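The sequence and structure come first.

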Amino acid sequence: MTIDRREFLAALGLGGAMVVSGACGEVARAATRGVARSAAPVPPPDWSALKARLAGRLLLPGDQGYGVARLGYNELYDGLLPAAVARCTSAADVRTCLDAARGHGVPIAARSGGHSYLGYSVPNGGLVMDLRAMAQVQVRSDGTVQVGAGARLIEVYAALAQAGRLLPAGSCPTVGVSGLTLGGGIGVLTRKYGLTCDRLVSAEVVTADSRVLTASECSEPDLYWALRGGGGGNFGVVTRFTFSTEPAPALTVFALRFPAGSAASVVGAWQQWVADAPPELWSNCVVSSGTPPTLRVGGCYVGAADALNPLLDQLIAAAATQPSSRTVQGKNYLDAMKYMAGCANDTIAQCHPTFEGGRLPREAFVAVSRVLNAPLDAQRVVQLMTGRTGVDLLLDSLGGAVSELAPDETAFPHRSALASAQIYASTTPAGKAAATAAVDAVRDGLAALGATGTYVNYIDASLPDWGTAYYGENLPRLKAVSRQYDPDQVFTFPQSVASA
Ligand SMILES: Cc1cc2nc3c(=O)[nH]c(=O)nc-3n(C[C@H](O)[C@H](O)[C@H](O)COP(=O)(O)OP(=O)(O)OC[C@H]3O[C@@H](n4cnc5c(N)ncnc54)[C@H](O)[C@@H]3O)c2cc1C
C-alpha cells in the first residue's frame, strides 16, 4: 500500500489547553496545537522520545512483540510494515502519538479491530495507534452504554447481555466497534433497531491537531453527522463511544438450505419477501458460485418461532421450492449473536482471535460490494455466479428502521436500500489476482443490473466510482467536514474522504 502525503507538515506545538463546553452538558478538554505547512523536508518522528512519553508500549521493528502487533485481520496485507505500533491506553496517549508523528511525513492511522478489508489501519512505514487496550464497556442506568474504541463486538454483546440490553451491530465477533460504527454498522438486528451508527449518542474524538472533543447532536454537530457513516480514519480518532441501547428481547434464528438448481427462483422470491417483511425479520441470502450455484437463506427474528414460521412459509411458497433443510431455534440475545457469529458453542474468551488466546483464526480474503435499491433480475444475478468457484454473494437485507432516516440525516446514504450485496472469496497471496478479478466481475455485473451504491465498510481498492458509490450526495458535506477538522490531511489513505 502506498500512501501519498500531499505535503509535508510541520508541527509548531503552540500548545495551550482550554475547556470546551458542549451544549448538552458534555464537557470536553481541548488543547490546541497549531500546524503549519512547510516545503522543506522534515526528519522522521523521534520514536525514542515517543516511547518515553507514551503510557502504553511503543513497539518498533525488532522489538519483541512487533511481529504480531503489526498484523491486521486480512492476511493478504501481512506485508505491511509500520514504523511503529503504539499501544494507546487513553485519549492522552493518542494525543501524544499525534504530537510526535504529525508533520514528519509518515502516515498515521488508528486501529481498533483491525478488520479493514484493505489493511488501511496498518499504514506502511507509518504509525499505528492501536486502541485495543481501550476496550471498557460500561452499561449505564440511563440505558446508554459507553464503549472504549478498542472493543470487539463480542465484548460489547457480552457486557450488554449481562445487563439485559442490546445494541444492533455486526455479526463477526472480532470486528472492532470503531470501524463498524464509523462506516454504518449492518447486522442481524438492523431492520428492527437501526444501524449501529444510528445508536450513537456521542463520541470522544481526538482531532488531527490534538484537540479532544465531544461530538454529539449539540456539540460539534457536523463532526457528529460525519462520524455516523462517513467511514473510519477520516475525521479524527474516536476514543470512546456512547450508544443508546434497548431491552434485549427473545430472538429466533433460522437457516434454510435450498436444493441445487433453485437459486434463481429463491433469489427472486427472497428480494420481494424482504421488501415486504416486518422490521422484526432480518435475513440474508447467500448464493455460492458453482454449476449450478447453491443457495441458503438465514436470519434472525425479533420474537418467537410461532410468529416467524408463517413468514418462512410465505418465502417457501413464493420460491415454489421446498428447502432441503429448515432449522428454527429460539435463543436469548447473547446466544443469538454467538450463533450468527459462528461461535455458538464457544465461550466469550474463545470468540476472540487466536493471537488473543481465542479460537478464531485470521483470514486471507478479497471482498467487494454493491447496494441494491430495488429487486434485481434474479436469473441474471444467478448467471453472474454460474461457472465460477469459491465466490459467495451475500445479500443482507436493509430497510426497516434503516429507511426511517433520510439519506442526508447521517453520513450513511443508503437509506432506501433493499439490501447490501457483498461478494467474497477466500484466497491466498498467490490466488489474490484471480480472486479479485472474479469478485470484481460479479460486482460490475450487479452494477450493470442497477446496483450502483457501495458500503464503505466493505472498502474496495478497485472500485472505479468509490467516492460517490460510498457516500452519494453526502460526499460534498463530508469533504467539508474533513477540511474543517483535518485541513492538513494528517489522516490520509488511498480512499480517504479528502481524496475522493
Ligand atoms: C470477518 C468480517 C466480518 C464483518 N462483518 C460485518 C458486519 O456484520 N457488518 C458490518 O457492517 N461490517 C462488517 N464487516 C466490515 C467492518 O465493519 C469493517 O471492516 C470495519 O472497518 C472494521 O472495523 P475495525 O475497527 O475492526 O477495523 P480497523 O482496521 O481497526 O479500522 C478500519 C478503518 O477505520 C479506522 N479506524 C479504526 N478505529 C478508529 C477510530 N477509533 N477512530 C477513527 N478511525 C478509526 C482505521 O484507521 C481504518 O481506516 C466485517 C469485516 C470482516 C473482516
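## A pocket and its position

Where does the second largest pocket lie, given the domains that give residues to its lining? In this predicted model, residues of domain 2 (34-130) and of domain 3 (251-465) both take part in the lining, so the second largest pocket lies between these two domains.

The space in this second largest pocket comes to about 240 Å³. Its lining is made up of 20 residues, among which Leu 71, Arg 111, Arg 152, Phe 355 and Glu 356 are the closest to the centre. Sorted by class, the lining of the second largest pocket holds 8 nonpolar, 5 polar and 7 charged residues.

## Enclosed space

Rolling a probe the size of a water molecule over the atoms shows where empty space is left. Across the whole structure, 2 cavities of 30 Å³ or more are found, and the largest cavity contains about 50 Å³ of space.

The lining of the largest cavity consists of Gly 72, Tyr 73, Asn 74, Tyr 77, Asp 78, Gly 114, Ser 116, Gly 119 and Val 122, which by class are 3 nonpolar, 5 polar and 1 charged.

## Helix α12

Helix α12 (residues 432-448) has 17 residues, which at 1.5 Å a residue should span 24 Å, and the 24 Å between its end C-alpha atoms agrees with that expectation. Just after α12, Gly 450 adopts a positive phi of about 120 degrees.

The buried residues of α12 are Ala 435, Ala 438, Val 439, Asp 440, Val 442, Arg 443, Gly 445 and Leu 446, and their cover includes the elements β20 (365-372), α11 (378-385), β21 (392-397) and β22 (419-426).

Note on methods
Residues are numbered from 1 along each chain as its sequence is written. This is a predicted model: local features need pLDDT of at least 70, side-chain atom pairs count only at pLDDT 80 or more; totals for chains, interfaces and linings use all residues. Side-chain values use heavy atoms; hydrogens and water are left out. On a 1 Å grid over the protein atoms alone, a cavity is a set of points where a 1.4 Å probe fits but cannot get out, and a pocket is an open set with protein on both sides within 12 Å along at least five of seven lines; lining residues have an atom within 4 Å of a point. Grid points are joined across faces, edges and corners, and a volume is the space filled by probe spheres set on the points. Ala, Val, Leu, Ile, Met, Phe, Trp, Tyr, Cys and Pro count as nonpolar, Asp, Glu, Lys and Arg as charged, and the others, Gly among them, as polar. Domain bounds come from an automatic or database domain assignment. Helices (H or I, at least four residues) and strands (E, at least two) are DSSP runs, numbered from the N terminus. The expected span of a helix is 1.5 Å times one less than its number of residues. Buried means under 20% relative accessible area, exposed over 50%, partly exposed in between (1.4 Å probe, protein chains only). Contact means heavy atoms within 4.5 Å.
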